[in-house]
Amino acid sequence: MKTRITLLVILLCSLSTLQAQGRYVTKSGEIQFEASVPSFEEVKAKNSGVSAILKSETGEFAALALVKGFRFKVALMEEHFNENYIESSKYPKSTFKGKIKGFDISGLSASKKEYLFVGTINLHGEAKEIEVPAMISLVDDCVTVSLEFVLKPEEFNIKIPKIVSSKIAEDINVVAVFSLKK
Amino acid sequence: MNKRRRLLLAVLLLLAGGYFAYNYMYKEHRDISSETSKLEISASYLLERYKTNDGDELLNTTITVNGLITQVEEGTVTLDSGVHCSLIDGSVGLVEGSKMTIKGRCIGYDDLFEIVKLDQCTIIK
């Protein structure tokens with residue numbers, strides 16, 4: 001009887017640690033940003049190879065985008081973005097590190113629930129603290145995180161020359177979607 | 001007559017200028033699949049180069065990488081657990097364990113997963 005109980009205790013303990021070690025990952029998250037101004041050429045790019053890790057027991061979240069992976073429709077725009085503005089040869093990575101406030105994996109379901117992401121964005125060699133809302137859902141062991149927020153170039157020391165400033169919006173809308181799997 | 005000629009010349013110049021300006025503004029994207037690769041390297045050695053900080057010069061260049069497929073995901077394959085390739089034509093029909101040679105553009109090192117990433121990849125064999 002005693003051994004049975006100890007076995008049961010061991011089994012329960014190992015089960016709970018297994019559950020606690022949930023790490024949800026993706027290597028093909030999507031980040032899209034747009035800074036278009038009406039009646040001018042669309043300023044929009046997408047990166048479909050963004051990495052992200054979510055630790056389900058603590059709600060810690062980290063994402064990394066390789067800046068060269070942002071693709072524009074217009075080749076010249078992509079070239080200017082890389083060479084003049086974001087300087088992707090000097091700063092090839094952009095990251096987010098932070099936490100999802102009050103995250104609880106057992107509270108997730110197929111219907112989207114709003115959470116708050118708190119952390120630091122690193123871009124163009126500059127760090128900025130941000131707090132952005134996110135919608136999170138869970139379907140078949142796949143956690144889907146979608147975020148929408150606004151960034152400004154000057155917050156990351158990115159200078160837009162006067163001649164083109166009328167063609168690029170001051171607010172850059174960012175949309176990110178991560179489908180994280182175990 | 002002279003006036004007419006001058007006008008014609010001006011129109012031609014304008015057209016030519018417009019043509020070159022348009023071509024400059026709307027030039028084609030790089031076609032990685034038709035570029036000659038700068039380097040042929042095994043996937044594990046490529047990862048090693050990045051881990052020892054010897055990969056910066058490869059950023060944005062077209063390279064050819066060979067290795068064993070260790071993971072197949074939608075549109076991507078991972079070679080030797082260290083080089084992640086996004087394929088132009090998708091990953092349908094590719095199987096783990098087979099040997100592959102892939103050409104693509106190196107976009108840098110991902111230190112979250114400790115992998116090198118390539119995009120716009122095509123399969124050489």
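**Exercise 1.** Work out the secondary structure of chain A and its order along the sequence.

*Solution.* Start with the tally: chain A has 3 helices and 9 strands, taken as DSSP runs (helices H or I, at least four residues; strands E, at least two) numbered from the N terminus. Next, walk along the sequence, and the pattern reads α-β-β-β-β-α-β-β-β-β-α-β.

Some housekeeping: this is a predicted model, where local features need pLDDT of at least 70, side-chain atom pairs count only at pLDDT 80 or more, and totals for chains, interfaces and linings use all residues. Residues are numbered from 1 along each chain as its sequence is written, while chains are lettered from A and ligands numbered from 1 in the order in which they are written.

**Exercise 2.** Check the length of helix 1 of chain B, then decide: buried or in the open?

*Solution.* Helix 1 covers residues 2-25 of chain B, 24 residues. Now count buried residues (20 or more other C-beta atoms, placed from the backbone, within 10 Å of a residue's own). The number is 0, so helix 1 of chain B lies largely in the open.

**Exercise 3.** Find how chain B is divided and how far apart the domain centres lie.

*Solution.* An automatic or database assignment sets the bounds: domain 1 is 1-30 and domain 2 is 32-123. Between the C-alpha centres of these two domains of chain B, the distance is 43 Å.

**Exercise 4.** What share of chain A is buried?

*Solution.* Of the 182 residues in chain A, 26% are buried.

Key. A residue is buried if 20 or more other C-beta atoms lie within 10 Å of its own, exposed if 12 or fewer, and partly exposed in between; C-beta atoms are placed from the backbone. The expected span of a helix is 1.5 Å times one less than its number of residues.
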